[in-house]
Amino acid sequence: MAQWLRLQQLDPKYLEQVDQLYDDTFPMAVRQYLSTWIESHDWDYAANVDNESLATLRFHDLLTQLDDQYSRFSLEKDFLSQHNIRKIKRNLQERFQDDPVTMAMIISRSLREERQIIVIAEQAEKSEQTSQSDMVVEKYKELDNKVKDIKNRVQETETNIKTLEDLQDDYDFKKKDLSCREEVKDSVNKEDLNRLKIHIHSLFMNLNNKRKEVLSQMAGVLNLAEQIGYELISVELPEWRQRQQMASIGGPPNVCLDQLQNWFTAVAECLLQVRQQLKKLLELEQKCTYDQDPITQSKVSLDERTLNLFKNLILHSLVVERQPCMPTHPQKPMVLKTGVQFTVKLRLLAKLQEFNHTVKVKVFLDKSVTEKRKGCRKFNILGTNMKVMNMEESNGMTAEFRHLQLKEQKVQGRTNDGPLIVTEELHIFNFEAELCHNGQVINLEASSLPVVVISNVCQLPCGWASVMWYNMLTTEPQNLLFFLKPPQATWSQLSKVLSWQFSSITKRGLNDEQLNMLGEKLLGLKAATDPEATVSWNKFCRGTTERNFTFWLWIDGILDLIKRHLLSLWNDGYIMGFVSKERSKVLLSDRPAGTFLLRFSESNREGAITFSWVELTPNDEPHVRSVEPYSKKELSAVTLPDIIRNYRVMAAENIPENPLRYLYPDIPKDSAFNKYYKPKDKPVPTNVKSPEGYIRTELIFVSEVHPSELQDSIMPMSPEVFGELERMAPELPRLIKDLDIYQNGNDLDDNAMEP
């Protein structure tokens, strides 16, 4: 990313440091206006006193750049900026006309200190990210330790209950022995009898204290279970659902469900074990009870509390593990087409063996919708709408609906006068299950994220845009009227999601330079300087541009183009892609002749790619040309690497030449694309024909230009060669695609060529 753009994205505290680098000696306005030009030169070299001639040249170049900027302000009728730039130029001339090396030193020092600020900011950012990651790891460790603690406490309680049982057996035995002795007390020594009574009383006290200790331990276990349950239900589960939302629109994979399942299952098992321990205490109570028996006093409250904690945990353990998705479009979940099968998967986080094959789940559509939605469609679910959860098919207790379809209900009198269009109309799947355990019936419920139902595949891109916008901006699970008044997205939010769309189908997301171009296309220059600049839903997906299609449809067309024809090139980083024609001129203007870059067309809704290259005019001035974009149709016939390898520029009386030599910045063309070239067939004699009797041909792409526009280095044809080509002219349209120079295209510059 350009250094100046990177600086403007930093935290305000770092921008204050940048502000201190500039004053009236060399104003920040010059740095802003001429940022690209300033960063394209080596100011450290010019700042050397031995290179005063170079510093003088750079000084006069800078004044020329200011004049160009002044002309742009004149065209824009920006009088205030014109006044300021005149004043700036005058001041610079007064200060540095006789001492240009000092100006070079100031610029060199400023650029160096800017780089230091960026390094410090990036280190702080990485440190903060590491700190946040450490905090998450620490939180998980803490929760893990709590789960281990509750399991240890339950086992300690189990051991103490066995000790209690032994104490009670000893107490019962001694008590019965005392009774037997008292029946024959005439033959028993009274002192022995008194000692036995004292011993029995001591046993009773130990027994009573042990019962209190066990009950206290069980209460402590329930306290810890309540605390862990709250963290799981109120913190971890909502965070997992939010991560799932982000993952569903291309974000980082949501991989923590197994960990959640382990925690839910461990707590549920502990609570079930506590219930078993309570049953054991009740058995001990039936064998031996007394006034103020702690078991009698606590058993009801402990049992109710254990049951309530268990039920609450189970009630929240049914989740939609995989959102509704058509198998034909795995990267676009929650967009469903009528008549096309889709799948959805549920999981019970409390993975208990006794629940296996006992929980039946039913699926409904819009059952939880209570408000009336005028004009909204209604659908029937076709296929098996009930499944039994089991452990055999996956790592958890799951139920997967694999063959569901939606069919629109034919409602008489229904009109399409609803407030929402089809791709903004949201629906929701509801899931209900019934679990019976130890005579208790627990009714479970879950719901999917909102889905969009389309009736034609051409609605898929807009439907996916709705899914992205919803999940990017809200965590409300059932806000089905979201698009009645859709909120705006900040550029920082949207840029991240746009990058995810590329990384989810390729190995590369969008870099900062590419995102800057997209931000400027949507919001102008303020997107580069203000990540909190907002984008409306209309601007993103509803309102058409001067090209008569929306921003999102353009992006979707490019994604499809990459997926079908450019995947390897994109993954290897050879496609710059999102770079404007103005920016491509700047990048190529100081590169060797024949340097080219690949960029996406801005005027083709279906997705197209072009290449721009630089050549030198007879006056050694850089001149950038672009070829008319290649669409999916052309790329289906010939791959882009082969187009680049065989591309020619042709003019009468000149030998056709391939102007493409180096992929930007300086990679030899064949080094970059050789592995993608289609192997050439072995040469075939011209007199050998195919079995059908035809002469073999090869499709190549040629641009025709006037000879005066070509470089002098192109060799003229001999009269014999030219005569032969002239004779073959009637055959050329059948073999190659001849096109005129594209003079007034909106997507290309004035020197764009058609292949």
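Here is a short walk through the chain and some of its salt bridges. The model is predicted, so to speak of local features a pLDDT of at least 70 is needed, side-chain atom pairs count only at pLDDT 80 or more, and totals for chains, interfaces and linings use all residues. Residues are numbered from 1 along each chain as its sequence is written, and side-chain values use heavy atoms, without hydrogens or water.

Let's begin with the whole chain. It has 23 helices and 24 strands, taken as DSSP runs (helices H or I, at least four residues; strands E, at least two) numbered from the N terminus. Of its 755 residues, 45% count as buried; buried means under 20% relative accessible area, exposed over 50%, and partly exposed in between, with a 1.4 Å probe and protein chains only.

Now to the charged side chains. The structure holds 33 salt bridges, each a side-chain nitrogen of Lys or Arg within 4 Å of a carboxyl oxygen of Asp or Glu. One of them pairs Arg 112 with Asp 44, with the closest N and O atoms 3.8 Å apart. This pair links distant parts of the chain, 68 residues apart: Arg 112 sits in helix α8 (residues 100-183) and Asp 44 in helix α5 (residues 43-46).

Asp 560 is partly exposed at 23% relative accessibility, whereas Arg 564 is exposed at 58%.

Finally, Asp 258, Glu 321, Lys 345 and Arg 347 are linked in a network of salt bridges.
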